[in-house]
Structures are given as C-alpha cells and as structure tokens.
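Please look over the model below with the ligand site in view.

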Amino acid sequence: MNANSPSPRRFLPGAPLTGRIAVPGDKSISHRSLMFGALAVGRTTATGLLEGEDVMATAAALRAMGAGIERRDDGTWVIDGVGVGGLLQPETALDMGNSGTSTRLLMGLVASNGITATFIGDASLSKRPMGRVIEPLSRMGAAFTASPGANDSQTLPLTMRGAHPAVPIEYRLPVASAQVKSAVLLAGLNTPGVTTVIEPVATRDHTERMLTGFGADLTVEEVAGDRVIRIRGGVDLKPQDIVVPGDPSSAAFFVVAALLVPGSDLVVANVGLNPTRAALFDVLRAMGGSIDELDRREVGGEPVADLRVRHSGLTGIDVDPAVAPAMIDEFPVLFVAASVANGRTVTTGLDELRVKESDRLSAMAAALTAAGARVEEREDGLIIDGSGGEPLRGTADAITTHLDHRIAMAMAVAGLVSRDGVDVDDTAPIATSFPMFETLLAQARA
Ligand code: S3P
C-alpha cells in the first residue's frame, strides 16, 4: 500500500514529447459506470474503464453490497446490478483507500437503503471533510456515528445507517462540489417523491448525463442562473453498454509537459472534453499554448477529441475564478505551467483546493518554491511569477506529495522543465488515478 512502501523517483529534463499516446478512462465516469450499473436491473458493460486504485475501491465496495462486478479477459467490465433499493448490508468495513469520490457517492447510495455500512480510508482521506455530505444525507434520514477512537464526527472512519424510506429534500449546494451534488441525487434514486439539488455554480455533470442514459426520471432546469436538478425516486434503472472516454484530468499532465518541453509535438488521443471539465485547455490556449483538436467526436455521450500539442512560449494570466469548477483538479499542473511562463499568473477563488487529497495550495507552493519557482501563497490561490521560459532550478531535497497523486504528477512535469531534476518523495499515489503514467511518459519521450 502507498503508506507502507513509498516509491521515490527523480524526474529529469531531456527528450521532447512526441508521437501519440492515449490516456486512460475518465475517473469520474468510471466510478459512476460501476455504481449505476450496480443499481440497474440486469447486466451493464463498460469498456475503457479506468483500472486505478480509486475505481477499484468503488468496485470492491459494490461487490460487498451484492453487485456482481468482473473484468473479462478482453478488458470489458461486466456489472450485474441488484436494482435500486437492492443493496445488501456489507459484512466488513468498506475501504475507500484514497478516494473521496468513492466515499461521498457511496454514502449517497447507502443513505436511502435500510443497511448499515462503515467507511474507512487512508491517512489522506481520513482528514477530508465529510460534513458536506453528512449534512444533507442526515436531513434525508441517514444516521452517522463516528467510530470508537475517532477524534472527529466529520471525518472517516464513519458508520452510517441508511434510512428506509428516506425523506426527499430540496438542497442548495453550499460548496461547488459534484460529489455532494451526486451524493444527494444518488440518495434520491431510492427515496419516494422528488429530491431536488440546486447548483448556484455548475460542476461536472456526469451524474446527470449518465443517470438519464440509465433511464432515471431526472430533469435539469436553469432558473435565475441556478441549475435545478430534480430526480424522482423508485424508478428502475436500465442496464447500459458504456464506453468510457479518456480522462481530461490525466491528459492535462501530458498537455502541459508537451507545451513546456522544447521540441515537443505530441498527440494526446481520446481526451474527454465535456465543457464542465475542459477549462484547463482554454486557459492554456489563452496563455499562448498551441493545442489543436483533431477528430472531434462523441464517445459514450461525451464530446471527445485527440489533442495535438506543440511546444509554446506561455504568458501568465489572471485566471477567472468562474472557470475553476471546470478545471478544479488541474490547478497543480497549471501552477507548473505558470512557473515557467512569461510574467505573472494570478489564481483566486480556489479555497476548495485546500480540501482535496492534500491541501493543494500549500503543497504546490512548497514544492514549486523548493524547485526554484517564485510563488506566493494566498488564502484562496497562488500568485506565480514565471521564469520567462528558463528551466526551473530543480530540487535539492525530495518534495512532499502528501499521498496526493496530482502533486506527484505535477512535480514530475516540473522535473522535465528543470535544470537539475525534481525529486518526488513518493510516486505510489499515482496508481490511484493513472497507473500507466510513467510508462506513457517514457513512451512519449522515447
Ligand atoms: C469529482 C468531483 C470533484 C473532483 C474529483 C472528482 C467527481 O470533487 O475534484 O476528483 O467525480 O464527482 P468535488 O466534488 O469535491 O469538487
């Protein structure tokens, strides 16, 4: 496990990134494929599923609650659902590993089933706030208890008893979070009547798109600038054959690396470009990045393209905080791009980055500063004065990833644009979302 066997690595400058790579399946869509398949009546299949540790934690938990989930030799995943309301009581604690998405969405699923489940996780996940789902799910009737020995009732380990029947609520999201939105909507699947979520700021909409595909009675309406999502409970889900598009959040590391390393000309194939996810590419273009979309198409109901990325001189910008939800996982690697751009990049409105797999504002400020970048940490963002295209100095001591895959990958990219290389204390967490990262990096630089 990550915590037991850290895997340190030094990332060095060198060859440009060229040729063509394809990134693995989208993490958000992969979790949802397994969860919705597990609730359908009959057999769902998924191809292109991300086989990272986070998604495997979701699979194991769903199996423990009665779903059949198997991988065929050809790579297709087969999910035999239990039907809405059919989850069984798990016999042991559900180990969520490092995955906030697994935890919060599965809590939503359990909340309206008459079963009790205990959720545990690694050191990073056990620090992350669960109050944001405990609050609405409690209103729906679920009961939460901190495990004996826990020093906090808002963090894992937690035991929850689902409500049957649960009570439908109307919930206005206090934080822009697709996980909280999804938790309430998933609880609504088995709740009599109509459960409503109001989103003042749009977040990734995979739950709405996919549940509609599975036949849920779900509507989305714009009302005075809010997104109002309603779901009627007690409707059966129909099994689907899902093709999972590539993950833009994984593509991001290769797109930035190709922009920054001189001589690069790389095609990153099969990149999901759902507008609620793809803002990084627009921001990088606004900074001067050469990113062309080839063969725009639709995969599994999502817009997808191959991205051709060529080395480009970048200029710092003020990033509009309104686009933050559509690139919330991409800031660590954007900060790397900003560190070698011309001029100043200012980011604001990023309080949520402090409660990700690590506090990404402080972790990236510390790591980039250690690598020679000029970074000022503010309460809700970073201000970065770029090197004007010069390589970063590199690190003397290993930077700390805090069990955060995206810190590890972002600093790997920083190593490629450093003079002396960047030491990363632990690359093991990369396996949570992108097990093939180093293999693909070697392939692109060969
Ligand atoms: C996710 C939502 C986001 C994102 C996470 C995946 C999802 O989290 O950071 O990686 O699949 O719903 P928040 O809901 O906490 O913003």
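The points below take the ligand site and then some backbone features.

1. Basis. This is a predicted model, in which local features need pLDDT of at least 70, side-chain atom pairs count only at pLDDT 80 or more, and totals for chains, interfaces and linings use all residues. Residues are numbered from 1 along each chain as its sequence is written, and side-chain values use heavy atoms, with hydrogens and water left out.

2. Nearest residues. The ligand has 13 residues around it, and S28, R32, S177, D329 and K356 come nearest. A residue counts as near if one of its heavy atoms lies within 4 Å of the molecule.

3. Ligand oxygen atoms have polar side-chain atoms at 2.6 Å in S177, at 2.7 Å in K356 and at 2.7 Å in S28, where the atom is N or O. The protein buries 95% of the 390 Å² that the ligand exposes when taken alone (Shrake-Rupley method, 1.4 Å probe). A polar contact here is a pair of N or O atoms within 3.5 Å; within protein, one must be able to donate a hydrogen and the other to accept it, and residues adjacent in sequence count only if both atoms are side-chain atoms.

4. The ligand takes up the space of the largest pocket. A pocket is an open set of points on a 1 Å grid over the protein atoms alone, where a 1.4 Å probe fits, with protein on both sides within 12 Å along at least five of seven lines. A molecule sits in it if more than half of its atoms lie within 2 Å of its grid points.

5. Shell make-up. By class, the shell holds six charged, four polar and three nonpolar residues. Asp, Glu, Lys and Arg count as charged, Ala, Val, Leu, Ile, Met, Phe, Trp, Tyr, Cys and Pro as nonpolar, and the others, Gly among them, as polar.

6. Where the shell comes from. At least two shell residues come from each of α1 (27-39), α3 (100-111) and α5 (178-189), with α1 giving the largest share, three residues. Helices (H or I, at least four residues) and strands (E, at least two) are DSSP runs, numbered from the N terminus. Domain 1 (9-25 + 245-444) and domain 2 (27-243) each supply at least three shell residues; the bounds come from an automatic or database domain assignment.

7. Cis peptide bonds. L156 and P157 are joined by a cis peptide bond, omega about 0°, and P157 is in the loop between β8 (143-146) and β9 (158-161). The bond from H164 to P165 is cis, with omega near 0°; P165 is in the loop between β9 and β10 (170-172).

8. Positive phi. A224, a residue other than glycine, has a positive phi near 50°. A224 is in the loop between β12 (217-223) and β13 (226-232).

Key
1 Å grid on protein atoms, 1.4 Å probe; cavity = no way out; pocket = protein on both sides within 12 Å on 5 of 7 lines; lining within 4 Å.
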